[in-house]
Amino acid sequence: MEGTQNVKMVNADPSAIGLFGLAMVTLVASSNKLGITGEVSFVIPWAIFLGAFAQLFACIEDCKRNNIFGTTAFGGYAFFWFGVAMSWMIKLGVFGANLANTVDPKQLGFAYLGYLLFTIYMTIGAMETHKVLFTIFCLIDVLFIGLTLSTFGIAYEFTHTLAGYAELLIAIFSFYGSAACVLNTHFGRVFLPVGKPFGIFKK
């Protein structure tokens with residue numbers, strides 16, 4: 001009778017590529033919101049390939065690692081960027097004039113509101129990851145507050161600018177988080193500190 005052989009599959013932590021994707025798309029998108037660059041045409045490729053596909057890859061890999069938080073976070077925001085990219089393309093007339101002419105921005109406002117609710121409970125979960133990631137989630141909360149209010153036309157100039165600065169800070173902290181994930185693992189020591197979990201909810 002032949003014996004049973006167990007094979008263990010080891011997956012690398014995908015957080016670095018996921019955070020890099022988030023950093024790149026928010027850096028490019030913030031330049032538009034802050035009036036540094038023009039229309040969103042050249043934001044769309046970065047939204048699709050870095051915001052969406054890079055985070056979707058991280059989501060799938062985290063799923064293999066049985067990491068429900070990483071799977072949900074990266075997957076949720078990956079699909080957000082797919083949705084935003086398509087919304088921009090509809091507005092630009094890529095799918096025809098009929099769709100472009102019937103756009104109601106308030107529908108996007110409700111989508112942002114939904115993502116604000118999603119981000120709030122993910123921020124609570126991020127408290128038990130590390131402080132850099134928790135900071136990123138807090139900034140994403142601010143981003144969605146700004147996006148929701150500005151899309152509904154509430155204090156537009158202020159809330160739109162608030163969203164832009166929040167997005168820029170998300171990019172900076174995400175670059176740092178990605179670098180920390182790569183270099184700390186690569187060197188086998190704390191090369192870039194990320195801060196310990198708060199230790200409030202987990203035993």
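How many helices and how many strands does the chain have? In this predicted model, the count is 7 helices and 0 strands. If you follow the chain along its sequence, the pattern reads α-α-α-α-α-α-α. The C-alpha trace spans about 70 × 40 × 30 Å along its principal axes. Of the chain's 203 residues, 42% count as buried. Contacts across the sequence are worth a look too: taking those with a separation of 6 or more, 70% join residues 24 or more positions apart.

An unreviewed UniProt entry lists residues 12-30, 42-60, 67-90, 110-127, 134-156 and 162-183 under "transmembrane region". Two of these spans can be checked against the model. Residues 162-183 are 100% helix and 0% strand, with end C-alpha atoms 32 Å apart. Residues 110-127 are 94% helix and 0% strand, and here the end C-alpha atoms lie 26 Å apart.

The largest nonpolar core has 39 residues, and Trp81, Trp88, Ile136, Phe137 and Phe144 are the ones that touch the most other members. At least two residues of this core come from each of H1, H2, H3, H5, H6 and H7. H6 gives the largest share, with 10 residues.

Leaving aside residues up to four places away in sequence, tryptophan 81 touches Val25, Thr26, Ala29, Ala47, Gly51, Ala52, Gln55, Trp88 and Glu167. One of these partners, Trp88, is also among the core residues that touch the most other members.

Three helices, H1 (15-33), H3 (68-91) and H6 (131-151), each supply at least two of the lining residues.

Is isoleucine 170 buried or exposed? Isoleucine 170 counts as buried because its relative accessibility is 1%, and the cut-off for buried is under 20%. Beyond residues up to four places away in sequence, isoleucine 170 touches Leu22, Thr26, Ile136, Leu139, Ile140 and Leu143.

From the cavity we can move on to the pockets. The largest pocket has a volume of about 790 Å³. It is lined by 28 residues, of which Trp88, Lys91, Leu108, Tyr112 and Thr151 are the closest to its centre. H1, H3, H5 (105-126), H6 and H7 (156-187) each contribute at least two residues to this lining, and H3 provides the largest share, 7 residues. By class, the lining of the largest pocket is made up of 15 nonpolar, 8 polar and 5 charged residues.

The second largest pocket has a volume of about 410 Å³. Of its 23 lining residues, Ser15, Phe74, Thr129, His130 and Leu133 are the closest to the centre. Two or more lining residues come from each of H1, H2 (44-64), H3, H6 and H7. H3 again gives the largest share, here 5 residues. The lining of the second largest pocket divides into 13 nonpolar, 7 polar and 3 charged residues.

Finally, have a look at two loops. Asparagine 66 sits in the loop between H2 and H3. Although asparagine 66 is not a glycine, its phi is positive, about 60°. Asparagine 66 counts as exposed because its relative accessibility is 71%, with the cut-off for exposed set at over 50%. Alanine 155, in the loop between H6 and H7, is also a residue other than glycine with a positive phi, in this case near 45°.

Methods: Residues numbered from 1 in each chain as written. Predicted model: local features only at pLDDT ≥ 70, side-chain atom pairs only at ≥ 80, totals over all residues. Heavy atoms only, no water. Helix = DSSP H or I, 4+ residues; strand = E, 2+ residues; numbered from the N terminus. 1 Å grid on protein atoms, 1.4 Å probe; cavity = no way out; pocket = protein on both sides within 12 Å on 5 of 7 lines; lining within 4 Å. Points joined across faces, edges and corners; volume = space filled by probe spheres on them. Nonpolar A, V, L, I, M, F, W, Y, C, P; charged D, E, K, R; others polar. UniProt positions renumbered as here; feature names shortened; annotations may be inferred. Core = buried A, V, L, I, M, F, W, Y, C linked by side-chain atoms within 4.5 Å. Buried < 20%, exposed > 50% of the residue type's maximum accessible area, 1.4 Å probe, protein only. Contact = heavy atoms within 4.5 Å.
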